[in-house]
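Subject: Structure handover

Hello,

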Amino acid sequence: MENLRQIHNRQKRALFFLLALLALGWGFSPWPTVFAGLILGVLFGLYNFWILTRRMERFDRNLAEGKKAPSLGSGLRFASGIAAAAIAVSLPETFNLIATVIGLMIPYLFLLAERIISQLKHPDPGGKER
């Protein structure tokens, strides 16, 4: 089983590649506000994913040591999403709000797709149903 840091690093590489493609779309397409909104959302989504990874590692460490488990930082990730939306609302000539919200969800969609692919490549060795 891969550890959380390896999964995060693989996701980060994929998201940086996506950000490069979005930057090309922003520079060369007739819809720069949509691509700018996607870029803003993906950047905040990547930040949220980093927070989640860091909190999950701390959560696992505290459980292993028998300490009280801390929160997973939902409030901070929620505030980050609000900040991204606030930037898009305050600068509508630069960022598209709907594209920003979609961009916030892209890292989680990448994670879901990566986990499905990983499960298909490496099925449960016991073959047990859950």
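Below are the conventions, then the findings, element by element.

This is a predicted model, in which local features need pLDDT of at least 70, side-chain atom pairs count only at pLDDT 80 or more, and totals for chains, interfaces and linings use all residues. Residues are numbered from 1 along each chain as its sequence is written, and side-chain values use heavy atoms, with hydrogens and water left out.

Overall layout

The protein has four helices and zero strands. Both come from DSSP runs, numbered from the N terminus: helices are H or I of at least four residues, strands are E of at least two. The pattern along the sequence is α-α-α-α. The C-alpha trace spans about 50 × 35 × 25 Å along its principal axes. The protein has 130 residues, of which 32% count as buried. Buried means under 20% relative accessible area, exposed means over 50%, and partly exposed lies in between (1.4 Å probe, protein chains only). Take the contacts between residues at least 6 apart in sequence: 69% of them join residues at least 24 apart. A contact means heavy atoms within 4.5 Å.

Record annotation

An unreviewed UniProt entry lists residues 12-28, 34-53, 74-91 and 97-113 under "transmembrane region". Those positions use the numbering adopted here, feature names are shortened, and annotations may be inferred rather than shown by experiment. I looked at two of these spans. Residues 34-53 are 100% helix and 0% strand, with end C-alpha atoms 28 Å apart. Residues 97-113 are also 100% helix and 0% strand. Their end C-alpha atoms lie 25 Å apart.

Helix α1 covers residues 4-28, which is 25 residues. From first C-alpha to last it reaches 36 Å, close to the 36 Å expected at 1.5 Å a residue. The expected span is 1.5 Å times one less than the number of residues. Its buried residues are I7, H8, Q11, L15, L18, L19, L22 and G25. They pack against α2 (32-65) and α4 (97-121).

Helix α2 has 34 residues and should span 50 Å at 1.5 Å a residue. Its end C-alpha atoms are 49 Å apart, which agrees. G66 follows α2 and has a positive phi, near 80°.

W26 sits in helix α1. Its relative accessible area is 47%, so W26 is partly exposed. W26 touches P32, F35, A36 and I39, leaving out residues up to four places away in sequence.

Helix packing

How do α1 and α4 pack? Their angle is about 125°, and their axes are 10 Å apart. That makes α1 oblique to α4. Axes are lines fitted to C-alpha atoms, for helices over the stretch in contact, and angles run from 0 to 180 degrees between N-to-C directions. Angles under 35 degrees count as roughly parallel, over 145 as roughly antiparallel, 65 to 115 as roughly perpendicular and the rest as oblique. α1 passes α4 in a right-handed crossing. A crossing is right-handed if the near helix is turned clockwise from the far one by less than a right angle, and left-handed if anticlockwise. On α1 the contact uses I7, R10, Q11, A14, L15 and L18; on α4 it uses I106, P107, F110, L111, E114 and R115.

α3 and α4 pack at about 150°, with axes 8 Å apart. That makes α3 roughly antiparallel to α4. Their crossing is right-handed. R77, G81, A84, A85, A88 and V89 of α3 meet L97, T100, L104 and Y108 of α4.

Single residues

S80 lies in helix α3 (residues 74-90). S80 is buried, at 5% relative accessible area. It touches F44, Y47 and N48, not counting residues up to four places away in sequence.

W31 lies in the loop between α1 and α2. W31 counts as exposed because its relative accessibility is 53%. The C-alpha atoms of W31 and N96 are separated by 9.6 Å, although the two are 65 residues apart along the chain.

P92 is in the loop between α3 and α4. P92 counts as exposed, at 51% relative accessibility. Its C-alpha atom lies 11 Å from that of A36, 56 residues away along the chain.

Best regards
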